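Q: Can we go through this model together? I'd like to start with single residues and then move on to the helix and the charges.

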Amino acid sequence: MSDTEETLVNGFVTYPLQVDGKFYLIENVPARIDEETGEHFFAAAVVKHLQQIVLNSKEPDRTIETAIYNYENHK
């Protein structure tokens, strides 16, 4: 395999999304994943649907508590 050749595989990932100051995680999102770098690539229709899930859904499937640290405050 050459240095410019990518190896993409189909898979599912957890996608973080921030909307109006709120943070959301969407699980089991279909993606093409670069086996070497781990970078995720999404079809345009998937990206559009990710936003619609958060904007149009009334209740999440579940919620979690998340601690937030500011890097600058912990040097």
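Q: Is Asn28 buried or exposed?

A: Asn28 counts as exposed, because its relative accessibility is 59%. Buried means under 20% relative accessible area, exposed over 50%, and partly exposed in between (1.4 Å probe, protein chains only). Before we go on: this is a predicted model, in which local features need pLDDT of at least 70 and side-chain atom pairs count only at pLDDT 80 or more, while totals for chains, interfaces and linings use all residues. Residues are numbered from 1 along each chain as its sequence is written, and side-chain values use heavy atoms, with hydrogens and water left out.

Q: Where does Asn28 sit, and what is its phi?

A: Asn28 is in strand β2. Its phi is near 60 degrees, a positive value in a residue other than glycine. Helices (H or I, at least four residues) and strands (E, at least two) are DSSP runs, numbered from the N terminus.

Q: And Asp20, what is its phi?

A: Asp20 has a positive phi of about 50 degrees, although it is not a glycine. Asp20 lies in the loop between β1 and β2 and is exposed, with a relative accessible area of 75%.

Q: OK, the helix. Which residues of α1 are buried?

A: Val46, Leu50 and Val54 are buried in α1. They sit on the same side of α1, because they cover an arc of only 75 degrees around the axis. That arc is taken from the directions from the helix axis to the C-beta atoms.

Q: Why would residues three or four places apart point the same way?

A: An α-helix has 3.6 residues a turn, so residues at that spacing point the same way.

Q: What do the buried residues of α1 pack against?

A: They pack against β1 (8–19) and β2; contact means heavy atoms within 4.5 Å. The face of α1 turned away from its buried side carries the exposed residues Ala44, Ala45, Lys48, Leu55 and Asn56.

Q: What about Ile53, where is that?

A: Ile53 is in helix α1 (residues 44–56). Its relative accessible area is 29%, so Ile53 is partly exposed. Ile53 and Ile26 are 27 residues apart in sequence, with their C-alpha atoms 8.6 Å apart in space.

Q: Switching to charges. How many salt bridges does the structure hold?

A: Two. A salt bridge is a side-chain nitrogen of Lys or Arg within 4 Å of a carboxyl oxygen of Asp or Glu. Arg62 pairs with Glu27 at 2.5 Å, N to O. That pair links distant parts of the chain, with Arg62 in the segment after α1 and Glu27 in strand β2, 35 residues apart.

Q: How accessible are Arg62 and Glu27?

A: Arg62 counts as exposed at 52% relative accessibility, and Glu27 as partly exposed at 42%.

Q: Which side chains meet in a salt bridge at 3.3 Å?

A: Those of Glu72 and Lys75, N to O. Glu72 is exposed, with a relative accessible area of 51%, and Lys75 is exposed as well, with 72%.

Q: Last one: which residues make the nonpolar surface patch?

A: Phe23, Leu25 and Ile64 make a patch of about 320 Å². Patches are made of residues with over 30% relative accessible area and no salt bridge: like charges are joined within 9 Å, nonpolar side chains (Val, Leu, Ile, Met, Phe, Trp, Tyr) within 5 Å. Accessible areas come from the Shrake-Rupley method with a 1.4 Å probe, and for residues only the protein chains shown count as cover. Leu25 is in strand β2 (residues 22–34).
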